[in-house]
Amino acid sequence: MDLYPNIVQAVAGEDFTVFAYCEDGAIRLVDIKPLLAKAGVFTPIADPVFFRERLTILNDTVAWDMTGGRDETACVDLDPYEIYAAAPIVDDPLETRAAS
């Protein structure tokens with residue numbers, strides 16, 4: 001692993017999950033529901049439409065663009081080290097969808 005794990009793509013999954021595509025080729029499944037239960041800055045993300053439409057990559061990690069302006073200081077982003085440490089590696093959901 002590099003000194004700083006970079007996430008290069010994020011795809012919304014079912015039931016408030018995110019597929020985080022890592023620079024090293026791994027795809028990790030991140031469950032966002034525990035964060036949503038904390039409320040606070042995560043409250044807007046609990047809206048399924050906001051969750052899907054504002055999901056992006058900012059600061060080299062999974063993030064939600066809170067203002068729509070792609071401002072790296074106005075986002076809610078996840079710690080990439082936590083993604084690497086806690087999220088399981090999974091198969092690529094985009095390949096699975098294409099094969100169906």
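This report describes the fold, the surface and a few selected residues of one protein chain.

The structure is a predicted model, in which local features need pLDDT of at least 70 and side-chain atom pairs count only at pLDDT 80 or more, while totals for chains, interfaces and linings use all residues. Residues are numbered from 1 along each chain as its sequence is written, and side-chain values use heavy atoms, with hydrogens and water left out.

## Overall fold

The protein chain contains four helices and six strands, where helices (H or I, at least four residues) and strands (E, at least two) are DSSP runs numbered from the N terminus. Along the sequence these elements follow the order β-β-β-α-α-β-β-β-α-α. The radius of gyration of the protein chain is 13 Å, close to the 13 Å that the globule rule gives for 100 residues, so the chain is as compact as a globular protein of that length; this radius is taken over C-alpha atoms, and the rule is 2.2 Å times the number of residues to the power 0.38. Taken along the principal axes, the box filled by the C-alpha atoms is roughly 35 × 35 × 25 Å.

Of the 100 residues, 41% count as buried, a term that means under 20% relative accessible area, with exposed meaning over 50% and partly exposed lying in between (1.4 Å probe, protein chains only). Among contacts (heavy atoms within 4.5 Å) between residues at least 6 apart in sequence, 44% join residues at least 24 apart.

## Surface and charge

The accessible surface of the protein chain comes to about 5700 Å², and 53% of this belongs to carbon and sulfur atoms; the areas come from the Shrake-Rupley method with a 1.4 Å probe. There are 7 positive and 18 negative side chains, and the centres of the two sets lie 6 Å apart. Lys and Arg count here as positive and Asp and Glu as negative, whereas His and the chain ends are not counted, and the place of a charge is taken as NZ of Lys, CZ of Arg, CG of Asp or CD of Glu.

## An aromatic cluster

Rings of Phe, Tyr and Trp (its six-membered ring) pair if their centres lie within 6.5 Å, and planes under 30 degrees apart count as stacked, over 60 as edge-to-face and the rest as tilted. By this rule there are two aromatic pairs, which are set out below.

| Pair | Centre to centre | Angle between planes | Type |
|---|---|---|---|
| Phe16 and Phe51 | 5.0 Å | 75° | edge-to-face |
| Phe51 and Trp64 | 5.6 Å | 35° | tilted |

Phe16 lies in the loop between β1 (7-12) and β2 (17-22) and Phe51 in helix α2 (residues 48-53), so their pair ties together parts that are 35 residues apart in sequence. Trp64 belongs to strand β5 (residues 61-65), so its pair with Phe51 of helix α2 ties together parts that are 13 residues apart in sequence. Phe16 and Phe51 are buried, Trp64 is buried as well, and ring pairs link these residues, Phe16, Phe51 and Trp64, into a cluster.

Thr17, in strand β2, counts as buried at 13% relative accessibility. Its contacts, not counting residues up to four places away in sequence, include Val11, Leu29 and Phe51. Thr17 and Phe51 are 34 residues apart in sequence and 9.5 Å apart in space, C-alpha to C-alpha.

## Two residues with positive phi

Most residues other than glycine have a negative phi. Ala39 has a positive phi near 60°; Ala39 is placed in the loop between α1 (33-36) and α2 and is partly exposed, with a relative accessible area of 33%. Asp60 likewise has a positive phi, of about 60°, and sits in the loop between β4 (55-58) and β5, where Asp60 counts as partly exposed at 41% relative accessibility.
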